[in-house]
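I opened my notebook to look up a few things in this structure. Here is what I wrote down, entry by entry.

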Amino acid sequence: AHGFRPVLAPVVQAGGPAAPGAAGERQAAVLEYLRNTRELVEAQRRVMMAFLGGADRPAATVLEGELAAPRPAALPPGAAPAGPAPAAPPSEAAPGDVRLLLLAVVSERTGYPPEMLDLDLDLEADLSIDSIKRVEILGAAAERLGASAGEAMEELPEDLVAVKTLRGIIAALEGLARKGSPAVTAAAAPAEALRAPVGRYRIRLEPGALAGGGSLAGRRIRLAGPEGAALRALEVRLRAEGCEPLRGETAAGETLVDLSPLAAEWSPADVPALFERVRGALAAGAEAVLVAGRAPEEGGAPAGLPRVNGHLVPPASGVQGLVKCLRREWPDRTVRMASFPADLDAEELGARLRGELAEGPGAPEVRYHADGRRLRPEVVPADLAGPAPDRAALDLGPGSVVLLTGGARGITARVALAFARRHGCTLELVGRTPVPPEAEEPFLREASDARAIRQALIAQDPRKGPAEIEATVARVLAAREVRGTLAALRAAGSKAAYHAVDVRDPAAFGAYLDGLYARHGRLDGVIHGAGVIEDRLARDKTAESFARVFETKVLSALVLAEKVRDDLGFMVFFSSIASTFGSRGQADYAAANDFLDRLADRLNRQLPGRVLSINWGPWKDAGMVGPELAREYARRGVALIDPEAGVESFFRELLEGPAEDANVILMSGDPAALA
């Protein structure tokens with residue numbers, strides 16, 4: 001939920017103190033050694049490049065200049081640097097010196113000394129800088145060169161984000177600077193972070209014009225999906241217009257029509273497969289993609305819930321969020337999902353599909369009603385009437401048990417603390433972080449943030465590579481957050497227990513839930529906040545990464561749906577506005593949250609207690625939003641949710657929200673800015 005990013009979103013991490021005492025002396029020695037070694041290697045490289053014709057100056061001139069260059073003074077014994085020395089302070093770098101500015105930005109954000117930032121390292125494999133982080137770094141570097149991040153990134157070429165080395169980025173930015181690109185010459189005042197109350201919104205279906213007046217003659221249209229009446233009906237219509245339907249991989253200039261989400265036996269495994277087909281078609285140059293799926297059920301509780309591998313699976317779940325993200329990443333293409341009633345006649349379905357193919361760019365999602373109307377989802381205000389909620393109205397007490405997945409970290413930890421303070425109930429927390437030791441290693445205790453932890457690790461063992469350092473930093477920060485959450489819950493008077501469980505493993509998570517009922521004999525409420533974020537543009541996502549992000553939310557939600565008993569008071573899924581509006585680099589995350597939205601709608605009509613999916617906007621101080629990202633959100637009209645206001649809005653929704661509302665959007669700012 002809180003991981004939603006705008007199309008272009010720079011992020012800044014604050015610096016931290018250097019390691020004190022002996023650790024500081026070791027760090028100073030290591031940095032001095034690395035600095036001198038790096039300069040020597042660079043001097044040798046320049047001399048050899050000159051001899052080989054790769055430098056503008058003669059080799060003797062290069063060598064003379066390198067030997068005459070001043071060396072940094074050695075630090076006195078016992079003195080520790082205040083932090084990793086930048087390649088050159090941004091204020092001292094020449095306006096056009098892209099290399100120094102970029103190294104300074106990367107060093108400041110990661111904590112790695114510039115001496116460790118080899119220009120030819122693979123940014124993703126060696127430094128854990130993925131495609132989204134590259135966008136952020138590019139925006140910050142452009143700001144240092146004189147442009148606002150938003151304006152700069154709108155000018156930078158799309159394929160620059162795919163460059164994998166610092167050397168490649170430097171070359172591209174230098175080329176833009178020489179051309180006088182607005183990306184590196186414009187100037188604008190940074191926007192201030194917006195402040196706005198938390199608003200409540202819902203999706204409303206608005207009538208739209210029926211699609212399809214243009215001709216399909218000459219179009220090359222590829223069909224994907226199982227053989228059936230719908231596919232045959234569309235083939236007949238295409239042939240009648242002189243358009244021979246094709247099968248197989250989509251090529252440049254063609255249109256892909258994927259009918260697989262129309263299947264009644266839709267399963268979680270179908271979502272990654274659909275992503276691969278659609279991503280492949282767009283990457284190959286397809287001019288349009290139309291995905292057809294079954295619309296959610298309307299009316300009361302469904303008569304029969306189809307099960308796939310024992311799970312409740314809503315029709316076409318996950319598809320809308322996926323399609324909206326891909327539409328954002330390929331804005332010059334027509335990418336749309338059209339949903340149809342399950343009982344629609346095949347001939348009528350073929351006619352509607354033909355009309356959608358003839359329709360030009362427009363809404364990324366349309367839905368057909370049983371009466372033939374073509375509807376377009378819109379986000380509309382849906383305020384709760386009445387006074388502030390009565391906190392005593394939620395029937396919870398010391399004997400009640402509430403489960404929170406992902407509940408020892410992030411915004412679910414804040415909600416857990418509110419449950420402890422308001423109701424004193426027993427809290428069961430589940431997460432993927434191993435149960436942390438009571439204390440961490442002494443050399444890390446003074447390192448207050450990720451940047452400082454990196455510095456301490458480098459000083460403690462300079463042989464460690466960036467990948468190993470990044471993994472250790474993640475473990476240390478996660479353990480700290482879990483320890484802090486448990487201490488706060490117990491101080492508030494709640495019985496709190498933390499369990500390290502892989503919620504992607506249905507057997508392990510199911511066994512935990514069985515044990516929970518055996519220990520307590522009851523379960524009064526569930527907050528499902530588990531999730532991981534591995535933001536990457538679709539062209540860079542691996543199948544393994546997509547599955548990890550998608551399955552963490554989805555498989556665990558399906559196990560919860562199977563295991564909870566009918567006396568459950570409430571179950572809340574923490575979803576995201578990424579599934580509502582789409583978000584670059586988050587196709588997997590948005591698909592998973594869209595799946596939760598549809599599952600909540602189905603379960604809310606099946607279980608006696610309320611089941612709700614909240615599409616959260618970004619939260620302030622949630623561990624992901626720094627000052628620059630806050631300003632970028634503000635530039636686009638989106639405010640950050642104040643944590644206290646977010647918790648209040650959660651409890652008010654739980655207490656006062658209409659029972660039939662299974663999906664709501666809670667965000668600060670104007671939704672139109674994202675639509």
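**Entry: helices 9 and 16**

I began with helix 9 (residues 270-283) and helix 16 (residues 543-563), which pack at an angle of about 140° with their axes 10 Å apart. That angle makes helix 9 oblique to helix 16. Oblique is what remains once angles under 35 degrees count as roughly parallel, over 145 as roughly antiparallel and 65 to 115 as roughly perpendicular. Axes here are lines fitted to C-alpha atoms, for helices over the stretch in contact, and angles run from 0 to 180 degrees between N-to-C directions. Helices (H or I, at least four residues) and strands (E, at least two) are DSSP runs, numbered from the N terminus.

I noted that the model is predicted: local features need pLDDT of at least 70, side-chain atom pairs count only at pLDDT 80 or more, and totals for chains, interfaces and linings use all residues. Residues are numbered from 1 along each chain as its sequence is written, and side-chain values use heavy atoms, with hydrogens and water left out.

Which residues of the two helices meet? In helix 9 I found Val 271, Pro 272, Phe 275 and Glu 276, and they meet Ala 543, Phe 546 and Phe 550 in helix 16. Contact means heavy atoms within 4.5 Å. The crossing of helix 9 and helix 16 is right-handed. A crossing is right-handed if the near helix is turned clockwise from the far one by less than a right angle, and left-handed if anticlockwise.

**Entry: helices 15 and 16**

Next I looked up helix 15 (residues 506-520), which packs with helix 16 at an angle of about 40°, their axes 10 Å apart. Helix 15 also makes a right-handed crossing with helix 16. On the helix 15 side I listed Pro 506, Phe 509, Gly 510, Leu 513, Asp 514 and Tyr 517. They meet Ser 556, Val 559, Leu 560 and Lys 563 in helix 16.

**Entry: Arg 548**

I stayed with helix 16, where Arg 548 lies. Is Arg 548 buried or partly exposed? Arg 548 has a relative accessible area of 33%, so it counts as partly exposed. Buried means under 20% relative accessible area, exposed over 50%, and partly exposed in between (1.4 Å probe, protein chains only). Leaving out residues up to four places away in sequence, Arg 548 touches Arg 504, Val 532 and Glu 534. From Arg 548 to Asp 588 I count 40 residues in sequence, and 8.8 Å in space, C-alpha to C-alpha.

**Entry: helices 13 and 14**

Helix 13 (residues 450-460) and helix 14 (residues 466-491) cross at roughly 125°, and their axes come within 10 Å. They are therefore oblique to each other. Helix 13 passes helix 14 in a right-handed crossing. Among the residues of helix 13 that meet helix 14 are Ile 453 and Leu 457, and the helix 14 side includes Val 473 and Leu 477.

**Entry: the cores**

Which residues have the most contacts inside the largest nonpolar core? I wrote down Leu 326, Leu 403, Phe 509, Leu 523, Met 571 and Phe 573, in a core of 63 residues. Helix 18 (residues 587-604) gives the most to this core, with ten residues. Apart from it lies another core, of 35 residues, among them Leu 417, Leu 427, Leu 489 and Leu 666. A nonpolar core is a set of buried Ala, Val, Leu, Ile, Met, Phe, Trp, Tyr and Cys residues joined through side-chain atoms within 4.5 Å.

**Entry: cysteines**

How many disulfides does the structure hold? I found zero. A disulfide is a pair of cysteine sulfur atoms within 2.5 Å. Cys 325 sits in helix 10 (residues 319-329). Cys 325 has 0% relative accessibility, so it counts as buried. Cys 425 is buried too, with a relative accessible area of 0%. Cys 325 and Tyr 589 are 264 residues apart along the chain, yet their C-alpha atoms are separated by 9.6 Å.

**Entry: Ala 316**

Most residues other than glycine have a negative phi. Ala 316 is not a glycine, but its phi is positive, about 55°. I found Ala 316 in the loop between strand 6 (311-312) and helix 10.

**Entry: the whole protein**

I ended with totals: the protein has 20 helices and 17 strands. Buried residues make up 55% of its 675 residues.
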